[in-house]
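Have the sequence and structure open as you read.

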Amino acid sequence: MQRRPVLILGAAAALAFALPILAKVVVDQPAPDFTLTDSAGKSHSLAEFKGKTVVLEWNNPECPFVMKHYESGNIPHQQADATAKGVVWLTIGSGRTATADNAKQNKAQGGKGTAYLLDKDGAVGKLYGARTTPHIFVIDSQGMLRYMGGIDSIPSADRSDLKKATQFVPQTLAALASGGAVNVKSSQPYGCSVKY
Amino acid sequence: MSSRFHSVGLLLVTLATNAEAASWANVPHGRVELVAERTTFAPGVRAWVGVEIAHDSGWHTYWINPGDSGLPTKLEWKLPQDFHAGEIAWPVPKRFDLGGLYNFGYDGNVLLPVAIDVPSSARAGSAIAIAVSAKWLICSHEICLPGKTSLALKVPIANGEGAANATAAPMFAKARAMLPTIAPWHGAAKLSADRVHIELSGKDLPNTAKLDIFSTAPNVIDNSPPKISSANNRIIAEVAKSEYLQSVPSKLTLILSETAREPPIAWKVEVPLGPVLKTEAGFFLNR
């Protein structure tokens with residue numbers, strides 16, 4: 001009954017292929033280097049943290065998803081825990097909503113990251129394919145990307161979902177610290193869109 | 001600044017006295033209402049209700065696959081015993097371009113239709129209460145707000161088809177026109193390391209000049225617009241693979257939308273995905 005699909009795959013080769021505007025980073029590949037200025041005007045590059053595990057967290061303090069994870073204490077708790085263990089946590093504001101005020105707001109919301117970096121032209125956000133706030137990337141001490149995606153496993157703006165959700169950052173950091181395998185290497189990023 | 005968020009979590013309950021007298025609940029940046037297609041429901045039939053969202057200008061809510069950000073609207077029903085509500089019959093979404101990021105959803109007025117199965121034991125002469133708790137994310141190009149509300153409706157049970165709800169009829173007609181029809185085409189999607197190649201063939205293929213393609217499942221194909229062409233009675237679509245694709249599904253459910261029309265005309269087609277070439281198997285096992 002079912003007819004065989006007619007496929008002429010050779011035709012594909014003749015087509016120019018449209019690439020998405022956002023670049024893509026690949027888990028278990030080297031994380032691309034970047035240099036950004038923090039809210040105090042100090043320059044930071046990813047390369048300077050070689051030898052340390054680095055968490056990149058895309059942020060916009062006015063986004064309700066970000067507020068969920070800050071006002072509940074979820075992200076600040078993870079930041080305090082990670083930085084106490086020598087992990088570098090870089091919170092990044094990308095695009096037209098990124099202002100020095102965001103860093104102050106982030107601190108007021110309980111932010112305890114290593115630095116708040118500003119990426120006003122969105123170049124680093126696009127380099128990493130950061131699309132939501134929050135959006136997480138975890139880079140190991142050798143500069144390899146080991147996790148990318150959502151902050152946790154339940155895409156919602158409801159604080160009540162936090163206790164049921166798997167928190168991917170602590171899980172990834174624990175695996176890297178023990179030299180074990182990272183089980184969940186990517187998950188759906190969820191939140192507000194980054195305003196490029 | 002935080003005053004913008006005061007109304008988040010606002011719970012509004014609207015109780016109408018009959019199916020026709022549903023009323024709007026004002027919510028941040030829009031209004032929502034629960035409506036029934038007919039003024040009465042007959043025992044043993046599939047009846048239709050819908051949650052209508054009227055977005056303020058510049059604001060949108062999301063489709064089942066929201067795209068690069070956002071969340072799909074969720075409905076939770078409270079119905080009398082033996083009544084059953086189906087899933088949202090999603091009208092074809094619109095593509096929103098947020099500067100290289102893409103969202104799929106709705107602006108303006110949209111009705112999200114849901115089928116209600118009325119048990120044959122429903123007693124004519126009685127009236128039933130239908131309640132729904134709706135949750136959504138409403139966004140402009142600048143900001144997003146989660147919203148929720150509870151809506152309720154009373155519908156009399158009566159034998160016979162029941163009169164059309166005149167107020168709601170235009171929105172049901174528009175939503176029906178926006179429901180993808182099952183396309184008689186066949187085809188396949190082939191996955192390579194970084195892209196998905198889709199081919200469709202069959203009778204009466206749509207014009208590719210103003211055609212868009214969406215996947216109902218998120219994180220399979222990239223959300224940027226596919227490159228679509230046609231040749232020899234085939235439609236060929238090339239799109240990047242989603243970098244968040246984890247386990248490869250055996251099939252893709254695609255929605256094709258002819259966006260030149262308002263509302264757009266849409267088709268639904270299911271195609272097998274894969275097989276993944278042997279040379280790529282290791283790559284996927286490592287994901």
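## Two cysteine links

In chain B, the link of Cys139(B) and Cys144(B) is right-handed, with 110° about the S-S bond. Keep in mind that this is a predicted model, so the values here are computed from its atoms. The sulfur atoms of Cys139(B) and Cys144(B) sit 2.2 Å apart and form a disulfide.

How many disulfides does the structure hold over all chains? There are 2, and the other one is in chain A, where Cys63(A) is joined to Cys192(A) with an S to S distance of 2.1 Å. The link of Cys63(A) and Cys192(A) is right-handed as well, with 90° about the S-S bond. Cys63(A) lies in the loop between strand 3 (54–58) and helix 2 (64–71) of chain A, while Cys192(A) belongs to strand 9 (residues 192–193), so this pair ties together parts that are 129 residues apart in sequence. Both Cys63(A) and Cys192(A) are buried.

Here are the S to S distances side by side:

| Disulfide | S to S distance |
|---|---|
| Cys63(A) and Cys192(A) | 2.1 Å |
| Cys139(B) and Cys144(B) | 2.2 Å |

## Chain A as a whole

Chain A has 6 helices and 9 strands. Of its 196 residues, 53% count as buried. If you look at contacts in chain A with a separation of 6 or more, 74% of them come from residues 24 or more positions apart. The accessible surface of chain A is about 8400 Å², and carbon and sulfur atoms make up 55% of that.

## How confident is the predictor?

For the complex, the predictor gives an ipTM of 0.86 and a pTM of 0.88. Chain B averages a pLDDT of 89, with 88% of the residues scoring at least 70.

Where in chain B does pLDDT stay under 50? One stretch is residues 1–18, for which the model has 37 contacts beyond four places in sequence. Another is residues 280–287, with 17 such contacts.

Definitions and conventions: Residues are numbered from 1 along each chain as its sequence is written. Chains are lettered from A and ligands numbered from 1 in the order in which they are written. This is a predicted model: local features need pLDDT of at least 70, side-chain atom pairs count only at pLDDT 80 or more; totals for chains, interfaces and linings use all residues. Side-chain values use heavy atoms; hydrogens and water are left out. A disulfide is a pair of cysteine sulfur atoms within 2.5 Å. Helices (H or I, at least four residues) and strands (E, at least two) are DSSP runs, numbered from the N terminus. Buried means under 20% relative accessible area, exposed over 50%, partly exposed in between (1.4 Å probe, protein chains only). pLDDT is the predictor's confidence in each residue, from 0 to 100. Contact means heavy atoms within 4.5 Å. Accessible areas come from the Shrake-Rupley method with a 1.4 Å probe; for residues, only the protein chains shown count as cover.
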